[in-house]
Amino acid sequence: MSSPRKLKLMVTSTVYHFEDQLKQICAVLAGFGYEVWNSHIGTIPVHPGRSNLKNCIAAAHDCDLFLGIIRPVYGSGKVGKRSITHEEVREAVRRKKPRWFLVHRDVMCARQLLKPYAFKSDGTRTKFKLKKNPVLDDLRVLELYHDAIQNNISPSRRKGHWAQEYSDLPEALRYLDSQLKDARRIRRICQEMKKP
Amino acid sequence: MKLEDFQEVIAKGESKNVEFKTGGVPPEVIAKSVCAFLNSGGGRILIGVGDKGQVVGVKDAGVTTRRLQQRLPHLISPRALWTVEHMQVDKRDIVIVEVPEGMDKPYVAGGAIYLRSGKDAVPASRDKISALIQKGTGTSQRWERQMAIGADRVDLDEKLIRETVRMAVKSKRWQGSSNNTDAFLHGLGLIANGGVTNAALILFGKRPSQLLPQARIRLLVMPKGKTGNRYALDKSFDSCLLRVADEISATLSLHAGGVESRFSAEHWQRDDRQIYPMTALREGVMNALVHRDYSSSGSITISILPDSLQISNPGGLPEGLKPADLKRDHPSVPRNPDIAHVCFLRGFIEKVGRGTQRIVEDCREARLHDPKWQSSSLETILTFFTPASGFAQTLVEDLNDRQQKILAAIQEHKPLSANDVAKLLGGEVTDRTVRNDLQTLVNGQWLVRRGRGRSTLYVRPKKELK
């Protein structure tokens, strides 16, 4: 009996000063038996007739499962209002992909600290502007996090909004090990979530 | 690696820690082996050696060495410390890649994680990867990677960082822009999450001891020994590691035992030399700075005593390493790999795991007794001895003909008494001459006395003739 095709796992993250860790994460997931799609390691299927943004969104659309890593760096590939990473996360949520999120501790801490200043009670932004600092480079990181956890809908109606806090790579890897090591379990989840 | 160590390694064959490669193997293949060693306890790759240990050599060893030095950092993630050297064996060139165990596993080459399986590098299975992750997360973050509380980037000496990056780029040990100090610090894990690590502060801090008192180094000159009632000098060094190494060297060259003068019957000209070889002292200080346990609040102390010089540092030797191992070929187990890596990039470390052997070689060359390492779980002490300490060791060629004859006889036969020696020398020498010759050999550690009075015998200690 031939082995089933590998599940296509898209890993999205900003890259700046995270290059080595991203390679380590992708290698771990490849070792777990996934076909890993990631722009930094050059494994996103590219259509030459499309823009980078369109190719990345298409990958988020076509993958079997999705891993979003939310770091305190927003990303340089900004197109229009949002970064490519941000758009990929929104696409995965929109398509109801089986998804997992890792959120850096600094993002969580900055959110707690800045929420009263940067966000209105309905979740929209105030006019608060963030000055240059070494912890969080853009308030849109918090919007990205809000999109990942579906902050705009009531907690009781949210699904797939688990976001695991991590402070360093060993912690992130431990989460991935516990969640994604068993590719057979993940395949069942993917099949289950495909059903209407 | 010394020739005798190389021959011993070859004789033992390939193993979990040793891999042979013939020449012409692309860096991508070597990278997989390096990756496997980093993930599996360290080891070494001997390029130019066949599977069965036959020395076939490498063409253009210099080119191969440079190519590996330049390519391997691009092929393996995250960055780690390893060294590439080449040596000649039977007029054939061999390239050796020395890889200490990595501290930031899993290491990746070509998109995959490799491990050692017997004598091969193999892609890690799902369960092995999981085990690697669980093992890594079971330990707390090492001290050098923790954020330095209260320190910012402005507390680092930018000029020193720039100088270090420039030197690393120039020596081709670092591939990147000379001007991009941020990428350098990030790439080595010295800054993260908007802060600086303890390692960054130790290496580049403007005044590291203000935040980390254990970074201070104390140098004591005690002319009457440890029981004396005064210090001739009690000096503290507060600079960062990359500056303090030079400052200590300069002070040691002024205070470490001065100069010894010798005359000999053959050479009437006075032979002046520094008692302690400065290269060995510097290496000893660097070892203490790089390998000490910084999580301990104790400081490194250098004590200059009448008959010895001691360098003591907090922290014992790494698990599995004994003081005696330091004199021979031994695996490198850096306690602070980030600090060691920057010292390597700066040129303070040439080859991993060779520093202690070089210390011994330098002392022997300076005709000093071998230095001594003592280690407990709390501290490691390295002691250098002066010739006046009673440990003076003459070279065999400095012994007279009678003394060499005695040595040869005792080496070949059973232990000899003074009477046996007198007979050996043919009865033309006085008892006093025999006693003097034997005393010289005992002082020089060529012989050991056993027994007392008339039953005294002279035997060879367990060491080789030089």
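The legends below describe close-up views of a predicted model. Local features need pLDDT of at least 70 and side-chain atom pairs count only at pLDDT 80 or more, while totals for chains, interfaces and linings use all residues. Residues are numbered from 1 along each chain as its sequence is written, and chains are lettered from A in the order in which they are written.

**View 1. Strand 1 of chain A and its pairing with strand 2 of chain A.** Strand 1 spans residues 8-13 of chain A, and five of its six residues are buried, that is, under 20% relative accessible area with a 1.4 Å probe and protein chains only. Strands here are DSSP runs of E with at least two residues, helices are runs of H or I with at least four, and both are numbered from the N terminus. Strand 1 pairs in the parallel sense with strand 2 (residues 35-37) of chain A over three bridges, where pairing requires at least two DSSP bridges between the strands. M10(A) has W37(A) as its bridge partner in strand 2 of chain A.

**View 2. Strand 3 of chain A beside strand 1 of chain A.** Strand 3 (residues 65-70) of chain A pairs with strand 1 of chain A in the parallel sense, over five bridges. In this pairing, G68(A) of strand 3 stands opposite T12(A).

**View 3. The open sheet of chain B.** Four strands of chain B, in the order 3-6-7-8, form an open sheet with antiparallel pairing. Strand 3 (76-77) and strand 8 (120-123) of chain B each have a single partner strand, so one side of each is left without a neighbour in the sheet. Strand 7 (residues 112-117) and strand 8 of chain B pair over four bridges in the antiparallel sense, and R116(B) stands opposite A121(B) in strand 8 of chain B.

Notes
Heavy atoms only, no water. Buried < 20%, exposed > 50% of the residue type's maximum accessible area, 1.4 Å probe, protein only.
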